[in-house]
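Me: I have a structure open and want to learn how to read it. Can we go through it feature by feature?

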Amino acid sequence: MSETTSTNKEKKLVLNGRRAIPPNNSNDEENEVPEMEAFGLIPRGFNPRDYLRVEDIYMFKDPHEINKQEHHTDKYYNPKLIVRRGQPFQIQIYFNRPYKPETDQFWLEYLMGRYPQQNKGTYIPIPVGNVLKPGQWGAKIIHRENNSIRLSIMSSTTCIIGKFRLYVAVLTPFGILRTRRNSATDTYILFNPWCQLDAVYLDDEKEREEYVLNDVGIVFHGNVEDVKSRSWSYGQFEENILDACLFLMDKAELELSGRGNPIKICRVASAVINSRDDNGVIAGSWNNTYDYGVAPSAWTGSVDILLEYYSSKQPVRYGQCWVFAGVFNTFLRCLGIPARLITNYSSAHDNNANLRLDFFLDDEGKVDTRLTKDSVWNYHCWNEAWMTRPDLPVGFGGWQVVDGTPQETSDGMYRCGPASVQAIKHGHVCFQFDAPFVYAEVNSDIFYTKMEKNGTQVVESIDTTHIGQLIVTKEVGGDGMIDITEEYKFREGSDEERLALETAVMYGVKKQSPQDTTYQPQKDVDMDFQVQKAVLGNDFKVTVTFRNKSRNSYTATTYLSGNIVFYTGVTKSEFKKHSFSAKLEPSSSSSFDIVIKSSEYMSDLLEQASFHFFVTARINETGKILAMQKATVLEIPILRIKTKGELVAGKEMSVIVEFTNPLKQALENVTLRLEGPGVLRTIKKQFGRIPMNSTLTWEVKCIPMRPGLRKLIASLSCDALRHVYGELNVQIQKP
């Protein structure tokens, strides 16, 4: 079988009647370029040595030299020249004799891929002229000395992103002489947020430093009531990461000519980041079993994942939303597209995109898990990428939502975006791509519906404020959190919010109005409940509060259901059922406490230590039902990190990680990971057993390479305990 498939692969390149040349969608493949391209018969006495000949090309490609300094690419751990488009860079050419402009003629050629073509932007001949025009390819001589000349070269602001091969061509009367193929002169060209004519131009220097050059970020998780944060190492400048990111575009088979367009790049990348339907980078797993792979919570950054994929070409196991978003952020920043990681708390996963999540209740007011298909994720992470949108009307450029987590298909593949944040806020969801889906994630309503025996549905209660309560990202230049909810939606209940909703419905977002269903809300009794903040392994309480605003006495049959859930809101098991009857006096409030014991939840606990509580109450006198749900996350112990020795670039230092087991049980098969961009590569260590209350200490020696403020990030993972993190900022001195 394997033999036939491999021959089929070769046959795939056979030309068909529709194209003159095969698709050109690999940056890695090359074509043969002749060193002597003759114009006809070459006379016998012809000796190429008699003509101008290139002896050497100097690329100014070291981190401290002019090109990488001026192009903000000095942090890339890559020996080749890396420049940003639309901005001049310099090279020096050494000839076999002084260059004579009157008689000598030479030009540069940049090539990409197997089938370079000038009209596709994959073959770029650059004659040497007198002036450089902004935003267009060109070259001019800025210095001549002995046998050498120095050139300033300008690339186009719409140039393809990727690795180009450089040749210098010299004209002779009998043909064109070219330099030999030399990979040392390969030139990477990236997006340029510093250039006003580039589609990804960002005008604030602090934002460029954060969204393009910062190689560490923060992931916010937990839930609305209890926001938690952890660091993530993007590592976009680490060794081989740039090549790995370019490989992703080859893997997605994005035509080379489309690679200058950030919209196309984001669209194909959102599909190739997940492994569904194209064997992409990360395989998702949401079921708490991670055999033959790494638990999503154990990763500390993107580098290991991208390098493993680049070498194995097989999906890396396993990821959940923040892992997809972390790796996607690395990809975008590495190529020069400004990007940030976003967390949406109480994110709707609405399977039929009708802006309504249906939770079905049975006769007792309990949620019926058989009928309920929609879910509320405690949080969901996606990315925003910054770019102009010439394909949309004016005003919809700027931040665009892109999401690599496989949730729903879009045009037949698991991908999402780019969708304009501005268009989502104003309800203009007709503009591509996938705006209705993102609009629903932040704007849906929750309907609690009771199924009557005769099949009719009665809506018992509607919660319009639960979904998309808080949307956040990391602040610029610090580790704090900024609330960007206002960028996605107007204030709940404002006129603008109503108008945006009407616009979205006009553009085809389905929304059933309460009039379509029988619904009379309960007006005279309010119910709320609070979950006490609790540390993993301890007891805590849930307090249910009723406010009776009427002059009548009521009794409420109240039911609390405590579930252990995945952070996606999907239930694993119900660990607590509790019913009680509450007497509600007229015009007064009353509270009831329910104690949750650690013995009730510890055995079934999932890695994010997430609970989901449903409280439903039936007012016996009126038959009306009140319903409410909340998620809560336990406090998880942290890792402590400290350093020993001098913190100087090039000198050995020690990093010590400590952890005390807080559980009433021993931890088995524990994995620790430690990484810090510019300080140390990821290191893993297995520990067989940590008894209860005992402390584990792990010391790692390393030699930091780069001076400056750096971050160390550690994680601990085992079946009984996950999402254990620690971090430490370290200032590495110059030697």
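Reply: Start with contact: it means heavy atoms within 4.5 Å. This is a predicted model, in which local features need pLDDT of at least 70, side-chain atom pairs count only at pLDDT 80 or more, and totals for chains, interfaces and linings use all residues. Residues are numbered from 1 along each chain as its sequence is written, and side-chain values use heavy atoms, with hydrogens and water left out.

Me: Which residues does Cys321 contact, leaving aside its neighbours within four places in sequence?

Reply: Cys321 touches Trp286, Trp377, Tyr379, His380, Cys381, Thr405 and Tyr567.

Me: Where does UniProt place the feature "active site"?

Reply: UniProt positions are in the numbering used here, feature names are shortened, and annotations may be inferred rather than shown by experiment. The unreviewed UniProt entry puts "active site" at Cys321, His380 and Asp403. They span 83 residues in sequence, yet no two of their C-alpha atoms are more than 9.9 Å apart, so they gather at one spot.

Me: Are Cys321 and Asp403 buried or exposed?

Reply: Buried means under 20% relative accessible area, exposed over 50%, and partly exposed in between (1.4 Å probe, protein chains only). Cys321 is buried, at 0% relative accessibility. Asp403 is buried too, with a relative accessible area of 1%. Over the protein, buried residues make up 56% of the 735 residues.

Me: Which side chain does the side chain of Asp403 make a polar contact with?

Reply: A polar contact is a pair of N or O atoms within 3.5 Å; within protein, one must be able to donate a hydrogen and the other to accept it, and residues adjacent in sequence count only if both atoms are side-chain atoms. The partner of Asp403 is the side chain of His380, at 2.8 Å.

Me: Where do Cys321 and Asp403 sit in the helices and strands?

Reply: Helices (H or I, at least four residues) and strands (E, at least two) are DSSP runs, numbered from the N terminus. The protein has 12 helices and 40 strands. Cys321 is in helix α7, residues 321–335. Asp403 belongs to strand β19, residues 398–403.

Me: At what angle do α4 and α7 cross?

Reply: Axes are lines fitted to C-alpha atoms, for helices over the stretch in contact, and angles run from 0 to 180 degrees between N-to-C directions. The axes of α4 (residues 241–251) and α7 come within 10 Å and cross at roughly 105 degrees. Angles of 65 to 115 degrees count as roughly perpendicular, under 35 as roughly parallel, over 145 as roughly antiparallel and the rest as oblique. So α4 and α7 are roughly perpendicular. Among the residues making the contact are Leu242 and Met249 of α4, and Phe331 and Leu335 of α7.

Me: How many of the residues of helix α5 are buried?

Reply: Of its 11 residues (262–272), 10 are buried, so α5 is largely enclosed by the rest of the structure. At its start, a side-chain oxygen of Asn261 comes within 2.8 Å of the backbone nitrogen of Ile263.
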